[in-house]
Amino acid sequence: GDIILVSPSAPLRRGDRVVVCTKAGEVLAKALKRKTAKAIELRPLDGIDADRTLAIAEIAWIARILWASQ
């Protein structure tokens with residue numbers, strides 16, 4: 001039931017909350033831990049799930065979360 005406002009053109013920085021859509025169709029809301037030329041590392045927003053690393057080739061799009069209603 002939450003609503004989020006995202007910007008695919010906003011620059012990404014470490015610690016930003018992001019939404020990532022993989023080419024397989026999975027949609028993830030995570031915090032950006034690190035971004036390199038080949039991969040991105042994501043950490044969970046809830047602190048419960050494990051960190052996740054995705055190859056850049058697996059990502060359809062990524063957008064920074066600008067605002068969220070909770």
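## Ground rules

Residue numbers start from 1 along each chain as its sequence is written, and side-chain values use heavy atoms, with hydrogens and water left out. Since you are looking at a predicted model, local features need pLDDT of at least 70 and side-chain atom pairs count only at pLDDT 80 or more, while totals for chains, interfaces and linings use all residues.

## Overall fold

Let's start with the whole chain. The protein chain has zero helices and six strands, giving the pattern β-β-β-β-β-β along the sequence. Helices (H or I, at least four residues) and strands (E, at least two) are DSSP runs, numbered from the N terminus.

The radius of gyration of the protein chain is 11 Å, which agrees with the value near 11 Å for a compact globule of 70 residues; this radius is taken over C-alpha atoms, and the globule rule is 2.2 Å times the number of residues to the power 0.38. Along the principal axes, the C-alpha atoms fill a box of roughly 30 × 30 × 25 Å. Of the 70 residues, 29% count as buried (buried is under 20% relative accessible area, exposed over 50%, partly exposed in between, with a 1.4 Å probe and protein chains only). Among contacts (heavy atoms within 4.5 Å) with a separation of 6 or more, 47% come from residues 24 or more positions apart.

## Salt bridges around Asp-16

The count comes to six salt bridges, each a side-chain nitrogen of Lys or Arg within 4 Å of a carboxyl oxygen of Asp or Glu. Asp-16 sits in the loop between S1 and strand S2 (17-22) and, at 10% relative accessibility, counts as buried. One salt-bridge partner is Arg-13, with the closest N and O atoms 3.8 Å apart. The backbone nitrogen of Arg-13 also lies 2.7 Å from a polar atom of the Asp-16 side chain.

Asp-16 also meets Arg-64 in a salt bridge of 3.9 Å, N to O. Asp-16 is in the loop between S1 and S2 and Arg-64 in strand S6, so this pair ties together parts that are 48 residues apart in sequence. Arg-64 is buried at 14% relative accessible area, whereas Arg-13 is partly exposed at 48%.

## Lys-30 and Asp-49

Another salt bridge joins Lys-30 and Asp-49, whose closest N and O atoms are 4.0 Å apart. Lys-30 belongs to strand S3 (residues 27-35) and Asp-49 to the loop between S4 and S5, so the pair links parts that are 19 residues apart in sequence. Lys-30 is buried at 9% relative accessibility, while Asp-49 is partly exposed at 44%.

## Asp-51 in its loop

Asp-51 lies in the loop between strand S4 (39-44) and strand S5 (52-55), and is partly exposed at 44% relative accessible area. Its side chain makes a polar contact of 2.6 Å with that of Lys-33. A polar contact is a pair of N or O atoms within 3.5 Å; within protein, one must be able to donate a hydrogen and the other to accept it, and residues adjacent in sequence count only if both atoms are side-chain atoms.

Not counting residues up to four places away in sequence, Asp-51 touches Lys-33, Leu-42, Arg-43 and Pro-44.

## A nonpolar surface patch

Ile-3, Leu-5, Leu-66 and Trp-67 form a nonpolar patch on the surface, with about 420 Å² of accessible area together. Patches are made of residues with over 30% relative accessible area and no salt bridge: like charges are joined within 9 Å, nonpolar side chains (Val, Leu, Ile, Met, Phe, Trp, Tyr) within 5 Å. Accessible areas come from the Shrake-Rupley method with a 1.4 Å probe, and for residues only the protein chains shown count as cover.

Strands S1 (3-7) and S6 (59-69) each supply at least two residues of the patch. Leu-66, in strand S6, is partly exposed at 42% relative accessibility.
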